[in-house]
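I opened this model to look up its fold, its cover, its charge pairs and its surface patches. My entries are below.

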Amino acid sequence: MSEQKAGVLQGFKAFLMRGNVVDLAVAVVIGAAFSNIVNSIVRGIINPVVGAIGTKNLDSYYSCIKEPCKGTGDSATGVRILWGSVLGATLTFVITAAVVYFLMVLPMAKYLARVEARRKAKEGTREIIEVTELEVLKEIRDALVAQRGNGHSER
């Protein structure tokens with residue numbers, strides 16, 4: 001039983017030591033902090049812009065599909081579709097996705113493309129050097145063969 005327990009603990013330790021687990025933990029922590037920023041942008045900028053047309057709180061927008069729609073919260077009557085909440089969540093998602101894409105994904109993709117281009121350039125240079133060395137070696141071989149040929153004809 002202790003060998004099995006040790007094997008399970010070894011497996012767990014190996015799982016924790018993988019880079020992906022650490023990366024995932026960092027992503028979750030940064031994501032949680034980042035969601036506060038995005039929510040603040042939606043509450044502080046987007047909602048007031050929408051509020052210029054109607055109300056600042058998107059959650060208050062709804063459509064009544066069964067009357068009477070009176071009251072708010074637990075005392076609300078009727079059947080409502082809370083499309084304002086969906087709109088707010090959608091805006092939050094779109095803003096989050098845009099910021100992640102433009103501040104993280106796009107710069108990383110450009111960086112990786114530059115690294116790949118440098119790697120290919122180095123690889124191309126290495127191939128040119130190898131071809132040049134091969135040509136030089138062939139020329140040396142041909143010169144040695146020619147010398148031997150000239151040496152045999154002189155004897």
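**Ground rules.** I am working on a predicted model, where local features need pLDDT of at least 70, side-chain atom pairs count only at pLDDT 80 or more, and totals for chains, interfaces and linings use all residues. Numbering starts from 1 along each chain as its sequence is written, and side-chain values use heavy atoms, with hydrogens and water left out.

**Fold.** I took helices (H or I, at least four residues) and strands (E, at least two) as DSSP runs, numbered from the N terminus. I found three helices and two strands. From the N terminus their order is α-α-β-β-α.

**Helix α1.** I checked the length of α1 (residues 2–17). The expected span is 1.5 Å times one less than the number of residues. For the 16 residues of α1 that gives 22 Å, and the end C-alpha atoms are 22 Å apart, so the two agree.

**Cover.** I called a residue buried under 20% relative accessible area, exposed over 50%, and partly exposed in between (1.4 Å probe, protein chains only). Areas come from the Shrake-Rupley method. Buried residues make up 8% of the 155 residues.

**Salt bridges.** My criterion was a side-chain nitrogen of Lys or Arg within 4 Å of a carboxyl oxygen of Asp or Glu. How many salt bridges does the whole structure hold? I found two.

- Arg119 pairs with Glu116, with the closest N and O atoms 2.4 Å apart. The two are three residues apart in helix α3, so about one helical turn separates them. Arg119 is partly exposed at 41%, and Glu116 is partly exposed at 32%.
- Asp142 pairs with Arg141, with the closest N and O atoms 3.1 Å apart. Asp142 is partly exposed at 42%, and Arg141 is partly exposed at 46%.

**Patches.** I built patches from residues with over 30% relative accessible area and no salt bridge, joining like charges within 9 Å and nonpolar side chains (Val, Leu, Ile, Met, Phe, Trp, Tyr) within 5 Å. Lys and Arg count as positive, Asp and Glu as negative; His and the chain ends are not counted. I placed each charge at NZ of Lys, CZ of Arg, CG of Asp or CD of Glu.

- Positive: Lys110, Arg114, Arg118, Lys122 and Arg126 gather on the surface. Arg126 sits in helix α3 (residues 83–154).
- Nonpolar: Val22, Val26, Ile30, Tyr101, Phe102, Leu103, Met104 and Val105 together have about 770 Å² of accessible area. Which helix gives the largest share? I noted α3, with five residues. Both α2 (19–51) and α3 supply at least two residues. Phe102 of α3 is exposed at 53%.

Technical notes
Accessible areas come from the Shrake-Rupley method with a 1.4 Å probe; for residues, only the protein chains shown count as cover.
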